[in-house]
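Hi everyone, thanks for making time today. Let me put the structure up, and then we can walk through a few of its side chains together.

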Amino acid sequence: MLLDMAPSRPSTIRTEPARPVDAARIEAALIKVAALVADDPAFAPVFERLEQELAAAVKEQTTLSEAQRRARALLAQKAMRATSSATCSSDAPLPYRSRSSR
């Protein structure tokens, strides 16, 4: 009897690509779940999980921001060294050579 059935067709429902999960999205969900917990304590585990996820997301963003700040500082320091050595070096292009080494 199952052999007589036509094969099912794929669903035509289009789904949106998932947005990245960040602290702002978690916080918005936490606020919605807080309203649920206020009425029904059965949602408390979801609320606690979201609190943990929010703390982890904030920590990750802070860590990435700090790493990015340090990386930019390192690049700026390297650029300063390259600029100062090029202006003092006799190997620098002519407009940058000091007049005493010509």
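Let's start with Arg69, which is partly exposed, with a relative accessible area of 47%. Please keep in mind that this is a predicted model.

Which side chain does Arg69 meet in a salt bridge? That would be Glu66, with 2.6 Å from N to O. Both residues sit in helix H2, three residues apart, which is about one turn of the helix. Glu66 is partly exposed too, at 34% relative accessibility.

Now, how many salt bridges does a search of the whole structure find? The count is two, so let's visit the other pair. Here the side chains of Arg49 and Glu53 meet, at 2.9 Å from N to O. Arg49 and Glu53 are four residues apart in helix H2, so about one helical turn separates them. As for Glu53, its relative accessible area is 32%, so it is partly exposed.

Let's finish with something nonpolar. Leu36, Phe43 and Val46 form a nonpolar patch on the surface. Together, these three residues have about 230 Å² of accessible area. And where does Val46 sit? You'll find Val46 in helix H2, which covers residues 44-88. Val46 has 40% relative accessibility, so it counts as partly exposed.

Methods. Residues are numbered from 1 along each chain as its sequence is written. This is a predicted model: local features need pLDDT of at least 70, side-chain atom pairs count only at pLDDT 80 or more; totals for chains, interfaces and linings use all residues. Side-chain values use heavy atoms; hydrogens and water are left out. Patches are made of residues with over 30% relative accessible area and no salt bridge: like charges are joined within 9 Å, nonpolar side chains (Val, Leu, Ile, Met, Phe, Trp, Tyr) within 5 Å. Accessible areas come from the Shrake-Rupley method with a 1.4 Å probe; for residues, only the protein chains shown count as cover. A salt bridge is a side-chain nitrogen of Lys or Arg within 4 Å of a carboxyl oxygen of Asp or Glu. Helices (H or I, at least four residues) and strands (E, at least two) are DSSP runs, numbered from the N terminus. Buried means under 20% relative accessible area, exposed over 50%, partly exposed in between (1.4 Å probe, protein chains only).
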